[in-house]
Amino acid sequence: MKRVTVVGTGYVGLVSGAGISDFGNRVICADIDEDKIDRLLQGEIPIYEPGLKEIVKRNVEAGRLVFTSDVAEAISLSDIIFIAVGTPQGDNGDADLSAIFAVAKTIGENLNTPKTICTKSTVPIGTGKKICDLIQQTKNNGHSFHYVSNPEFLREGSAVKDFMHPDRVVIGTNYPEAFQVMREVYRPLYINETPLIETNVETAETIKYASNAFLALKISYMNEIANLCETVGADVHVVAKTMGSDGRISPKFLHPGPGFGGSCFPKDTRALLSIARERGLKFRTIQAAVEANEAQKDRMVEKLKKLIAAPLDSTTVAVLGLSFKPQTDDVRESASIPMIQSLLNDGARVRAYDPIANSTMAEIFPDIDYCERWESAVQDADLAVIMTDWNEFRGMDLNKLKVLMKNPRVLDTRNILSISELTRLGFDFDNVGRSTQ
Ligand code: UDX
């Protein structure tokens with residue numbers, strides 16, 4: 001049993017802390033946010049993430065998982081320290097590393113035994129070296145430390161599953177002993193023969209950006225293929241499915257939509273552009289992926305205006321789905337934000353509904369109407385726009401939708417409604433890259 005401290009209790013920190021304790025280690029999750037820690041101590045989970053509450057409860061009850069706001073003490077009590085604090089996007093597109101460096105400093109000041117220091121947060125390539133330098137400068141004794149980059153690939157909404165059953169675990173370190181330590185931390189995965197990739201720090205840091213940016217690129221590519229499909233009368237779903245059956249392409253992340261959002265893809269693509277720029281490189285593919293994504297969000301607004309074909313200031317629009325993807329209440333960089341903003345700019349009345357993200361969106365748009373059910377949102381509306389592919393919308397009774405709406409018009413930006421049903425019921429509708437006939 002290893003003694004582990006995870007600093008930061010956001011998505012990555014909390015899921016990792018709970019998962020590492022579930023692997024049989026003793027874990028302290030530490031955060032300077034006292035309010036958050038108080039809530040965790042009372043058994044409350046500050047984020048919506050399927051399965052997280054259960055895994056936290058199980059490990060707290062087993063005595064393997066504790067929470068504290070005393071970060072310094074938490075560091076001094078463990079041999080392995082995971083850095084899992086946020087790296088939000090700064091003003092110039094770079095990742096803001098102030099929280100990372102603050103933790104590095106606290107680690108240096110509390111290096112009371114030899115420790116393994118491991119970064120899980122997504123950090124620009126080269127940050128590992130800066131963290132090492134900072135710990136070296138702050139520590140005031142002869143204890144040594146080994147640095148590891150261990151990027152996390154979890155997706156919101158399936159984060160617990162992703163952590164417990166990863167495709168691979170990346171361990172970037174220049175110390176063979178540290179690799180051994182990490183192998184122990186991830187013992188159940190190692191026994192299960194999950195590939196543990198041993199590499200140097202810079203390679204591990206690069207793998208994370210290269211993977212996320214590639215997936216973002218894949219989505220932007222499919223969104224542009226969808227736009228092409230619209231003009232030539234092709235069906236993007238058949239195109240995507242057939243492309244995906246080629247093992248070299250893979251069927252995943254080929255689903256067109258209103259543009260990718262979330263806390264990772266938008267931030268990581270911009271950060272990668274910034275990293276390349278600093279090194280005098282042009283990253284044309286990623287630049288294109290970012291531009292295509294912005295254009296896709298605008299395109300959804302244009303589609304809506306075309307479909308409604310009337311001045312927006314006299315209309316009511318139901319926005320169904322607010323989170324950037326299903327199974328999360330996270331609205332960061334969600335395509336529904338520019339959609340709502342544009343509707344408000346044009347004077348439309350907006351009625352929004354999301355199964356769980358109403359309150360997070362209310363922090364951005366406090367003055368629109370939030371509904372408790374999709375049926376109330378669409379009541380007497382001139383148009384309903386589906387922005388998130390929640391299953392609840394997939395199973396929507398279209399007969400009922402038609403009866404409730406003032407005008408039966410639907411923009412399905414996630415392609416989840418049946419075209420034949422919409423046609424049969426006489427809806428005016430549009431989607432992304434599929435026929436409307
Ligand atoms: C992503 C990565 O998948 C994960 O490995 C990394 O650790 C963090 O970033 P996440 O942001 O949680 O995870 O969501 P993801 O499921 O990847 O979706 C991101 C965005 O892309 C969402 O807005 C989603 O709707 C969109 N998307 C995804 C598509 O538009 N089409 C697709 O085919 C897949």
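Q: Which residue does Asp-382 form a salt bridge with?
A: Asp-382 pairs with Lys-406, and their closest N and O atoms are 3.7 Å apart. A salt bridge here is a side-chain nitrogen of Lys or Arg within 4 Å of a carboxyl oxygen of Asp or Glu.

Q: Where do those two sit?
A: Asp-382 lies in the loop between α16 and β12, and Lys-406 in the loop between α18 and β13 (409–412), so the pair ties together parts that are 24 residues apart in sequence. Helices (H or I, at least four residues) and strands (E, at least two) are DSSP runs, numbered from the N terminus.

Q: Is Asp-382 buried or exposed?
A: Asp-382 is buried, with a relative accessible area of 6%, while Lys-406 is exposed at 51%. Buried means under 20% relative accessible area, exposed over 50%, and partly exposed in between (1.4 Å probe, protein chains only).

Q: Quick check, where do these values come from?
A: This is a predicted model: local features need pLDDT of at least 70, side-chain atom pairs count only at pLDDT 80 or more, and totals for chains, interfaces and linings use all residues. Residues are numbered from 1 along each chain as its sequence is written, and side-chain values use heavy atoms, with hydrogens and water left out.

Q: OK, back to the pairs. How many salt bridges are there in the whole structure?
A: A search of the whole structure turns up 27. One of them joins the side chains of Lys-400 and Glu-375, at 3.0 Å from N to O. Lys-400 lies in helix α18 (residues 398–404) and Glu-375 in helix α16, so this pair ties together parts that are 25 residues apart in sequence.

Q: And what about Lys-267?
A: Lys-267 forms a salt bridge with Asp-268, with the closest N and O atoms 3.9 Å apart. Both Lys-267 and Asp-268 are buried.

Q: Switching topic: which residues are buried in helix α3?
A: In α3 (residues 52–61), those are Leu-52, Ile-55, Val-56 and Asn-59. They cover an arc of only 100° around the axis, which puts them on the same side of α3. That arc is taken from the directions from the helix axis to the C-beta atoms. The face turned away from the buried side carries the exposed residues Glu-54 and Glu-61.

Q: Last one: what's the phi of Asp-380?
A: Phi of Asp-380 is near 60°, a positive value in a residue other than glycine. Most residues other than glycine have a negative phi. Asp-380 lies in the loop between α16 (374–378) and β12 (383–386), and is partly exposed, with a relative accessible area of 45%.
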